[in-house]
Amino acid sequence: MTNSEKAAAIFKEGFSCSMAVLGAFCEQFGLDKKLAYKVSSGFGGGMHLDQTCGAVTGAFMVIGLKYGRTRADDVEAKMKVAKMTNEFAKKFKARHGSIRCTDLIGVNISTPEGFEEAKKQDAFKQICPKYVISAAEILDEILG
């Protein structure tokens with residue numbers, strides 16, 4: 001099963017975009033899946049603040065798992081993460097026009113009304129999976 005298939009399957013189980021993307025990659029970078037789900041649970045739905053898409057923030061966490069620094073003075077790792085997150089965001093924006101949740105799905109799901117509208121439009125089944133899959137595909141592309 002590819003990482004994009006894993007991410008799609010995790011999302012289909014009912015996990016958020018951020019949890020699905022991190023969950024698909026976490027074990028290959030040494031992070032327990034249950035802990036990955038916990039760590040990423042606050043990032044779905046644009047961080048619940050009408051901000052960056054959870055598939056994108058999940059991808060940023062994966063980049064951190066692979067390239068992140070463990071020492072404060074590791075400037076090289078810091079710069080690598082910055083470069084890779086920027087590259088990811090550029091590729092995601094090129095595919096989808098934005099990295100912001102509301103721009104991508106057309107409603108602000110950080111509000112109760114927006115969340116209900118997204119459910120009514122079936123956005124979580126019809127729209128969001130393509131962003132989860134796309135994020136995993138881009139990660140596979142840039143992580144090598």
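What follows is a chat about a predicted model of a protein structure.

Q: Which residues touch the most other members of the largest nonpolar core?
A: The structure is a predicted model. In its largest nonpolar core, V21, I63, F88, F92, L139 and L143 touch the most other members. That core has 43 residues.

Q: Which helices supply at least two residues of this core?
A: Helices α1, α2, α3, α5, α6, α7 and α10 each do. Of these, α6 covers residues 75-96 and α10 covers 128-143.

Q: And which gives the most?
A: Helix α10, with nine residues.

Q: What does F88 touch, not counting residues up to four places away in sequence?
A: F88 touches V56, A59, F60 and I63, and also A135, I138, L139 and I142. I63 and L139 are also among the core residues that touch the most other members.

Q: Back to the helices. How many residues of α2 are buried?
A: Nine of the nine, so α2 is largely enclosed by the rest of the structure. The buried residues include C17, M19, V21 and F25. S18 and G23 are buried as well.

Q: What do they pack against?
A: The buried residues of α2 pack against α1, α3, α4, α5 and α10.

Q: What about N3, buried or exposed?
A: N3 counts as buried, because its relative accessibility is 10% and the cut-off for buried is under 20%. N3 lies in helix α1.

Q: Which residues is N3 in contact with, leaving aside neighbours within four places in sequence?
A: A24, F25, Q28, A136 and D140. A24 and F25 are buried residues of α2.

Q: How far apart in space are N3 and V21?
A: Their C-alpha atoms are 8.3 Å apart, and the two residues are 18 apart in sequence.

Q: New topic. How much space lies in the largest pocket?
A: About 480 Å³. The lining has 22 residues, and the closest to the centre of the pocket are F11, F15, S16, C17 and F124.

Q: Which elements give two or more residues to that lining?
A: They are α1, α4, α7, α9 and α10. Here α4 is residues 44-50 and α9 is residues 123-126.

Q: What classes of residue are in the lining?
A: There are 14 nonpolar, six polar and two charged residues.

Q: What is a disulfide, anyway?
A: A covalent bond between the sulfur atoms of two cysteines.

Q: Are C17 and C128 buried or exposed?
A: C17 is buried, with a relative accessible area of 10%. C128 is buried too, with a relative accessible area of 6%.

Q: Where is D50 found?
A: In helix α4. D50 is buried, with a relative accessible area of 16%. Phi of D50 is near 60°, which is a positive value in a residue other than glycine.

Q: What is phi of D122 near?
A: Phi of D122 is also a positive value, near 60°. D122 is found in the loop between α8 and α9. D122 is partly exposed, with a relative accessible area of 30%.

Q: And where is Q51?
A: Q51 is found in the loop between α4 and α5. The residue is partly exposed, with a relative accessible area of 40%.

Q: What does Q51 touch, not counting residues up to four places away in sequence?
A: G46, I99, R100 and C101.

Q: How far apart in space are Q51 and K38?
A: They are 19 Å apart, C-alpha to C-alpha, and 13 residues apart in sequence.

Q: Last one. Where is T102, and is that residue buried or exposed?
A: T102 is found in helix α7, which covers residues 101-105. T102 is buried, with a relative accessible area of 15%. Leaving aside neighbours within four places in sequence, T102 is in contact with D50, V107 and N108.

Conventions:
Residues numbered from 1 in each chain as written. Predicted model: local features only at pLDDT ≥ 70, side-chain atom pairs only at ≥ 80, totals over all residues. Heavy atoms only, no water. Helix = DSSP H or I, 4+ residues; strand = E, 2+ residues; numbered from the N terminus. Buried < 20%, exposed > 50% of the residue type's maximum accessible area, 1.4 Å probe, protein only. Contact = heavy atoms within 4.5 Å. Core = buried A, V, L, I, M, F, W, Y, C linked by side-chain atoms within 4.5 Å. 1 Å grid on protein atoms, 1.4 Å probe; cavity = no way out; pocket = protein on both sides within 12 Å on 5 of 7 lines; lining within 4 Å. Points joined across faces, edges and corners; volume = space filled by probe spheres on them. Nonpolar A, V, L, I, M, F, W, Y, C, P; charged D, E, K, R; others polar.
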